[in-house]
Amino acid sequence: MEKPKLPENETARLTMLRSLNLLDTQPEDSFDRVTRLAQYIFKVPIALVSLVDEHRQWFKSCIGLNVNETSRDISFCGHAILASTPLIVNDTHQDPRFADNPLVVGDPKIRFYAGHPIILSGGVHIGTVCIIDTKPRNFSANDIQALKDLALITQRELSIMRLATRDELTDIPNRRGFKLLAERYLDLCVRQQSNAITIFIDLDSLKSINDHFGHPCGDKVLRTFASIIARSCRKSDLYGRFGGDEFVIMLTQVTHKQCQLLISRIEEAFATEPTLQSYTETLGFSYGIAEFDPAAPVELEKLLETADSKMYVCKMAKRNVV
């Protein structure tokens, strides 16, 4: 068996994939429609929208399998994302790359595979639309075009979804994107009986920067602050821009001490950022913290309201000192 190689742009590919906030989410009809069409058009038992993560392929939509992911090392889709053209395997038993693959010699006993890469902006291949059969078959030029069309439909849906949940200025989740994922985080915390901490952040004096230096400079501050949050947080942390000068971070399975260490890292990075030294006299931020207790869960909106209120108290205290 031949394990799939890593694409040259693997880091950028994974960043793009995770920015979609799709992994481990519930089924959605817009993607299930694609797999239903694929199964109907090609008369196959299995049709998938597969997203290739770092160590696994995860199925956003799946017809014909009773699992929602498999190891990337044995995946066909891991091979399919390496090219911009579809991967067609007419008979796995005749292909040395796959003849002894566990998915071929064992369930689901793949004999035929056709997968077209899902290609997003910048030429990033995040996964495939693929079909699988348990017997060998030919695949015509018309079949290839039909599979490509289904991949294009999926690409368009993902692009629209990304625009709806990303902040255009900072390229981190917007209010909608943050809330969609935060709800899932809190559900997981309840199931695992683990805590979560929400930090509501408001930049100080952004209006003053806009007034004195112009809005392009204010936009630069916002983009830089978003970048500082992104590189200060763990991969498992959730963050987003709520609009204007407001940002929110959600941490799970973390202590108050670890939370304060994160805030200190962000404060230090913000104060010493070389590209913002012209504004150091006015830069800073106020924040409020609210903790989620899985034994007495509250709604996300209540959690955000509590953190926001504490942030306001922090901001007023600063003004009173001045």
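In which segment is Glu8 found? Glu8 is found in the segment before α1 (10–19), where helices (H or I, at least four residues) and strands (E, at least two) are DSSP runs numbered from the N terminus. This is a predicted model, in which local features need pLDDT of at least 70, side-chain atom pairs count only at pLDDT 80 or more, and totals for chains, interfaces and linings use all residues. Residues are numbered from 1 along each chain as its sequence is written, and side-chain values use heavy atoms, with hydrogens and water left out.

**Glu8**

- Glu8 has a relative accessible area of 88% and is therefore exposed, a term that means over 50%, whereas buried means under 20% and partly exposed lies in between (1.4 Å probe, protein chains only).
- Between the C-alpha atoms of Glu8 and Lys148 there is a separation of 23 Å; along the chain, these residues are 140 residues apart.

**Cis peptide bond**

- Asp107 and Pro108 are joined by a cis peptide bond, with omega at about 10°.
- Pro108 belongs to the loop between α4 (102–105) and β5 (112–120).

- Asp171, a residue other than glycine, has a positive phi near 60°.
- The loop between α5 (141–165) and α6 (175–192) contains Asp171, which counts as partly exposed because its relative accessibility is 40%.
- Gln193 is not a glycine either, yet its phi is positive, at about 50°.
- Gln193 is located in the loop between α6 and β7 (196–203), and its relative accessibility of 49% is why Gln193 counts as partly exposed.
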